[in-house]
Amino acid sequence: MQIGIVGYGAYVPKFRIGVDEIARVWKADSKTIRSGLLVDEKSVPDKDEDTITISVEAGRNALLRAGINPQDVGAVYIGSESHPYAVKPSGTVVADALNMGPELMVADFEFACKAGTAAIQCCYALVKSGEIKYGMAIGADCAQSKPGDALEYTAAAGGAAYIIGKNPLATLEGTYSYTTDTSDFWRREGSGYPSHGARFTGKPAYFKHVISATNELLSKLSMKPSDFNHAVFHMPNGKFPLKAAKSLGFSKEQLKHGMVVTKIGNCYSGSSLLGLSRILDNAKPGEKILMTSYGSGAGSDSFSFVVTDKILERANLAKKTDFYIKRKETIDYGTYVRLRKKLKGG
Amino acid sequence: MPYKSVPLFWRLKKPKYNLTGTKCTKCENVYFPPRNLCPACRRSGDIQELQLSGKGKILSYTIIRTPPEGFEHYVPYAVAIIRLDEGTNITGQVVGDIEKIRTGKRVRPVFRKMHEDGNDGLIHYGLKFELVD
Amino acid sequence: MRVAIVGAGCTKLGEHWMKSLRDLSTEAGALALKDAGIDGKKIQSLYIGNMSAGRFIGQEHLGALAVDQAGLNPIPATRCESACASGALAFRKAYLSILSGEYDIVMAGGAEKMTDIKGSGAIATLMGAGDQEWESSVGLTFVGLYAIMAKAYMEKYKLTRKELSLVPVKNHKHGLNNPYAQFNYEITTDDVLRSPIIADPLRLLDCSPITDGAAAVVLVSERIAKKFKNPIWILGSGQASDTLALHNRKSLTEIPATKIAARKAYEQAKVKPKDIDIAEVHDCFSIAEILAYEDLGFSERGKGKELLLKKDAMIGGRIPVNTDGGLKMGHPVGATGIKQIVEVVKQLRGEASNQVRNARVGLTHNIGGSGASCLVHILGRE
C-alpha cells in the first residue's frame, strides 16, 4: 500500500519588505546584499498573525485537497522555532480550529528550520505502522531576527501543511536523516532573537548536512540526481540551495519550481515545505521530487516522492502557493518594525 | 481589555474557531452567536447545533481609531456587522486593506489572533473576515 | 394616584479630580433636598443609578454606600443598573415604589465616576453595555457601534456628514450658559469635520465626553405633593428592551426599544409627540439624536435631519431638543438619566438656564447600550 502526501496546503502572509528597504535603513549596500543572498524581498506577518494562525490556514488548505474527514486525522505535529507559547502547544489550538481530535496525538516540534520535515517523518512512521489513518505535519514560522543583523534580510513568515496517509497524491519512496551536534545557529530560552555563527553556518553546517543526507538517500534508494524532475533544498537564502544542488549534481532547471526564497525570503520551518508545495502545484503524475531540509543544530531530512495521478484532481481544490506569493503589499521599514513589535514599548 | 477569563474563552472556542451556531428546528431560525434557548419559540423550541459557512456580506462597518484597552496594537482596524449566508448576523473584524471595505461586499473567514492578555497572558484566537476578491 | 417631583439637583459635570463617587452622590442628594426644602430624614427609600462602579472605581454595593454617606441609614437603598439608562431606571423604580403605595417620599439619584481610570479603560468598561462575548471581544467600542449605525443610516437616507454635524453644533450652542455643563463653548460644522476621527464616520465632536457627575431628584406621592409649591408631575413612564447585541437587530437605522417605551409613555400621559414642548434625548453620539427624533415620533423616518435644518430642534423651534446641551455637555453614564429629569423639571418650572417659553410638557429619553434598553418619561406641570 502506498503511503505519502494525501493533501497539502500553503500559507504566506501578504506583507513584503524589500532587501533594498532594509539596506536603506542600515545604510548597507543593497546591491551586494541582493546578489549575495539572491533574495529580493521577504514576507512579513500581519499584527494578528503568528505560527498558529499560519498553521490553521495552511492546514485548512491541506484538508480541502485531501478531502478527508478531519476526525480521521490521528496526529498533528507542528514544527516551528516561533511557537507563540514557550509552554502550551500550538498543535492543540490548530487541531481544535480544524475540527480534529480529541482522539489525537499532538506535540510541537522544534529543530530550527527542519522541524516540519521531522513532523512528516513521524506521521509517515505512524501511518506505516498502522497506528493512525492520517497524520498532519506542519512547518510554519514567523522568524525572528535582530534589527540590523544579517538575518533580517531573509527571516520571513509562512508555512505549509501536509497530510500523510494512504492513497496519496505523492508517494513517499524513502527518507533519510543526517544529524550531528553542530552549533551554527541557536536561541536561548527567554531570548528574543537568535544568534548565529556567521560563516560557520555554511560549509560545516548547511552544506555538510544537506549534501550528506541527500547523497545517503540517493544511495539508499539507488537513485541519481537525474532521476528527479524536481528538487528543493532548504533555502536560508537563494545562494546556498543553488550551491548545494550544483555540488550534488542537480540542475537549475530541477530547482525552478521550488525556489520560493527570492520572493518571500526564508520561512524557516516552512521553507523547504513551501518549495515542495509549489512543486506539487506544478507537478504531473509520475514525476519524481527530491526534498532536503536543513535545521541548524544541525540536521537534514531528505525525501524522495513520486507524484501520482491523484494530483490532477486535488491540486486545484485549494489556493496554490503562487496565490499567496503573488498576493502582496509592500511595506516600509517603519511599518515592519511596528508589525513585528520591534519597538520598545510598542 | 476584553474580560480576562481563561474558562470564558475556552468555553466559546467552538463558535469562535469554527462559527458553530445553533438552529431552532421548530421555527427554522438560525442563531449566531449560538443560543441555548430559541427566543422565538422559547421552551417549546428545539435548538440544534448548526455549522455555518462563514460566508456573508457586510451590512455596515466602522474603522476603529481609538481602541479600547487591549487593542492598542491593532489600530486602525475595521469592525463590521456581517450578514451570514445562513441568515444570521455576526460582528467581526475585517482584515486586509481597510480602504477597500464597502457595505454589501462579500467576505469569508480567516483564522487570526483576536487579542492577548498582556505579554504573559493567554493569546485568544478566532475568526476575522477578509474581502472576497 | 399621581407622583410628583419636588426637588432636583445636579453636580457640575466634568473631570472631578478632587471628588470621588461618594462625594458626588452626597452633593447631588443635598442639592435635591435643598431644592425640595425638606430634611433628608424624610426620605423613606433611595434608588441609585450607576452603570459600572465595579470597573470604574472597584466599588460595588452603591445603595449602601449612598445612604451611609448621606447619613440616611437604615432606609432601604437599591442600586439600579441598565448601562447608560441606569439613571432613568432608578427614577422609574422610585416612581413605581410610590405608586405601589409602599412609600410617600423617595429619592432617585444617579452617579458615575469615570475618570479614575484611563481613557482606554473607560472605553473598555463602557463596552460592558454591549455583548462582552461577541462585540467587545472583537475590539468594538461604543463609538464603533453607533458609527456602524451612522454609516448604515447615512447610506440609507442620504444623510451627509455635514448634516450630521448639526447635532453637536446645536447642542454646544444650547449648553453655552448651562452652569453644570462640562463645556461652555460653541462649535461650527467645520470644527466637527476637523476633529479627530474616533470610529469612521464619527469624530471626536460627535461623541459625548467621559464625565464624573451625579444628579438626584425627590419624588413624592400626590398626598404629600400638595405641601410643595411647584410640583412637576410624572405623566408617563415607559421602558422596553431589545437584543443586547446590535448585530441581532432587524434594522441598524432605528431603535425599536425607544419606539415601544415612548408609545407606553405617550399612552399613559395621554399626549402625542406634537404635544411635547421640550425633550432631553440620549445623544451619546450625534447619530443617536437623529434616531431619537424619528423613534420618538418628532419626525418621519429618514427625515430627522429636517428638525436640524429647519431649526425645529432649537430653542424657539417646534420641539426644542437637549436645551441644556444634552449628553454632549457631560455623560456621567449612570447619572445621565437623572440629569435629564433635572433639566426638564427646571424647564417646566421656568428656571432653566436656557429656558423654553411656557414649557408645559417635557420628555426624557435614556438609552442603555446600543438600544438594548430604553426608558422614556413624560413630565408635566400642573
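**Domain interface in chain C**

I began with Arg349(C), which forms a salt bridge with Asp35(C), the closest N and O atoms being 2.8 Å apart; a salt bridge here is a side-chain nitrogen of Lys or Arg within 4 Å of a carboxyl oxygen of Asp or Glu. The model is predicted, so to speak of local features I need pLDDT of at least 70 and for side-chain atom pairs pLDDT 80 or more, while totals for chains, interfaces and linings use all residues. Residues are numbered from 1 along each chain as its sequence is written, chains are lettered from A in the order in which they are written, and side-chain values use heavy atoms, without hydrogens and water.

I then noted the domain assignment of chain C, automatic or from a database, which gives domain 1 (3–118 + 211–232) and domain 2 (132–207 + 234–380). Across their interface the rule finds 1 salt bridge. I found 45 residues of domain 1 in contact with 36 residues of domain 2, contact meaning heavy atoms within 4.5 Å. The area buried between these domains is about 3000 Å², with 64% from carbon and sulfur atoms; buried area is the accessible area (1.4 Å probe) that two parts lose on being put together, summed over both.

**Chains A and B**

I next looked up chain B, of which 23 residues are in contact with 26 residues of chain A. Together the two chains bury about 2000 Å², 45% of it on carbon and sulfur atoms. I counted 7 salt bridges by the rule across this interface, and Asp48(A) forms a salt bridge with Arg112(B), the closest N and O atoms being 2.7 Å apart.
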